[in-house]
Amino acid sequence: MISMTSCHHQSSEYDATGTFEATEIIVSAETSGKLIFFNAEEGKLLQKGEHVGLIDTVQLYLQKLQLQANMKSVDFQRPDIQKQIASTQKRIEQAELEKQRVENLLKSDAANRKQLDDWNTEIQVLNKQLEAQLSTLHNSTASLNEQSSSVAIQVAQVEDRLLKCHISAPIQGTVLAKYAEPGEYTSPGKPLFKIADTEHMFLRVYITSSQLSQVSIGQTVRLYADFGDDNRKEYTGTICWIADQAEFTPKTILTNDERANQVYAVKIAFHNDSSAKIGMYGKVKFTTHETTD
């Protein structure tokens, strides 16, 4: 509920006072380079994820191309195992045929035992050669796979850095301050702009210990934005936080009990219609007091 009324009421009509605040985020650069463009003007409403700036990506893009070329080079070096061992396999097949032929001749006494032994020895040697070839080729392939994985990781790192060159709004909100301009050189951690969620705001008020019994988390209350000249705007809010420890009363805060030295902070969440501003003075009503004419 929101309404605008003229306020001529006494301060006792309100249970607590405070100021409006919002969730503020300072967006900083995540990489180094020249700001190619930057469009985060103060007062501009940004949507979450909206692209507002870009840091120079030329060198990173060239680095990515180089890494991709390296990856192709590694892939070209990967051996074709079947082609590499085809010759040895063919020799083994031929030796097996010769062995079979000698065995058949041996049965008819047309060959001697030594010829069969020679072919058995030849087959054993060829099988060991094949085994050695396979071991070498598999090791070479594994090594190249590791190199390819390493390059792929480097490509992913560059792509991550490229993404960080794109500046976007982390939340939906209004730009409160702009700290950089297009053409400037930026570096990691350098603030670029400040944004605040001015739709979902809070009123931070302070209450005395005697008022603690009047409030609870989730409680619906009425709060008022003070625009001066006895004008106020009413909102419906929900208590979302109550401090666990007391603190000394801030000098800018008034309480109903002027003798109170210590107070408890309370945050009240409400939906803003863009009228309430950060730092504006506000008041809250926890309970309803009966009035007589």
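Visitor: Is E41 buried, partly exposed or exposed?
Guide: This is a predicted model, in which local features need pLDDT of at least 70, side-chain atom pairs count only at pLDDT 80 or more, and totals for chains, interfaces and linings use all residues. Residues are numbered from 1 along each chain as its sequence is written, and side-chain values use heavy atoms, without hydrogens and water. Buried means under 20% relative accessible area and exposed over 50%, with partly exposed in between (1.4 Å probe, protein chains only). At 37% relative accessibility, E41 is therefore partly exposed.

Visitor: Which residue meets E41 in a salt bridge?
Guide: A salt bridge is a side-chain nitrogen of Lys or Arg within 4 Å of a carboxyl oxygen of Asp or Glu. The N to O distance for E41 is 2.8 Å, and the pair links parts of the chain 137 residues apart.

Visitor: Which residue pairs with K233 in a salt bridge?
Guide: K233 is buried, because its relative accessible area is 12%. Its salt bridge spans 2.6 Å, N to O. The partner is D273.

Visitor: What is the mean pLDDT of the protein?
Guide: pLDDT is the predictor's confidence in each residue, from 0 to 100. The value stays under 50 over residues 1-11 and over residues 288-293. Where pLDDT is low, the predicted coordinates should not be read in detail. Of the protein's residues, 90% reach 70 or more, and the mean is 88.

Definitions and conventions
Contact = heavy atoms within 4.5 Å. Helix = DSSP H or I, 4+ residues; strand = E, 2+ residues; numbered from the N terminus.
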